[in-house]
Amino acid sequence: KYTRVQAISLVEKHIHENCNSADKYLPHVSQMEAIWVRETWTNDHHERGDREWTVSDPLTGAFWRMYEDTGAIITVFGDC
């Protein structure tokens with residue numbers, strides 16, 4: 001449904017609008033990575049759904065999950 005660039009852009013918008021530490025992550029947007037998984041196979045203390053984009057900031061180690069079906073974005077590790 002989304003491309004990697006679109007997934008990163010949606011997470012960037014989420015960070016900008018909802019993250020008190022946005023200035024910590026937004027300068028690294030061009031280096032963020034996105035991995036898509038059709039069906040998740042683990043539960044890492046966060047409720048997970050299918051059709052998931054994991055967007056990560058390799059410079060800070062922060063990452064977010066964006067779900068294509070619902071549009072929900074969850075901060076898994078980071079200051080948001």
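**Entry 1, the nonpolar core.** I looked up the largest nonpolar core, which holds 16 residues, and noted that Val11, Ile15, Tyr25, Met32, Val55 and Trp64 touch the most other members. I then recorded the elements that give two or more residues to this core: α1 (4-18), α2 (22-25), β2 and β3. The largest share, four residues, comes from α1. I note here that the model is predicted.

I searched the whole structure for aromatic pairs and found one. Its members are tyrosine 25 and tryptophan 64, whose ring centres are 5.2 Å apart with 85° between the planes, an edge-to-face arrangement. The pair links distant parts of the chain, since tyrosine 25 belongs to helix α2 and tryptophan 64 to strand β3, 39 residues apart. I checked the accessibility of tyrosine 25 and tryptophan 64 and found both buried.

I listed the contacts of tyrosine 25, leaving aside its neighbours within four places in sequence. Among them are Ile15, Met32 and Trp64, residues that I had already met in the core. The list for tyrosine 25 also includes Cys19, Thr60, Ala62, Gly78, Asp79 and Cys80. Asp57 is another of the contacts of tyrosine 25, and I turned to that residue next.

I located aspartate 57 in the loop between β2 (52-56) and β3 (63-67). Which side chain of opposite charge is nearest to aspartate 57? I found that it is lysine 24, at 8.3 Å. Aspartate 57 is accordingly recorded as buried and without a salt bridge.

I next asked what polar partners aspartate 57 has. Its side chain makes a polar contact of 2.9 Å with the side chain of histidine 28. Beyond its neighbours within four places in sequence, aspartate 57 is in contact with Tyr25, His28, Met32, Ala62 and Trp64.

I placed threonine 70 in the loop between β3 and β4 (73-77). Is this residue buried or exposed? Threonine 70 counts as exposed because its relative accessibility is 63%. A polar atom of the threonine 70 side chain lies 3.2 Å from the backbone nitrogen of alanine 72. Finally, I recorded 9.5 Å between the C-alpha atoms of threonine 70 and arginine 51, which are 19 residues apart along the chain.

Notes. Residues numbered from 1 in each chain as written. Predicted model: local features only at pLDDT ≥ 70, side-chain atom pairs only at ≥ 80, totals over all residues. Heavy atoms only, no water. Buried < 20%, exposed > 50% of the residue type's maximum accessible area, 1.4 Å probe, protein only. Lys, Arg positive; Asp, Glu negative; His and termini not counted. Salt bridge = Lys/Arg side-chain N within 4 Å of Asp/Glu carboxyl O. Polar contact = N/O pair within 3.5 Å; in protein donor to acceptor, adjacent residues only side chain to side chain. Contact = heavy atoms within 4.5 Å. Core = buried A, V, L, I, M, F, W, Y, C linked by side-chain atoms within 4.5 Å. Phe/Tyr/Trp six-rings, centres within 6.5 Å; stacked < 30°, edge-to-face > 60°.
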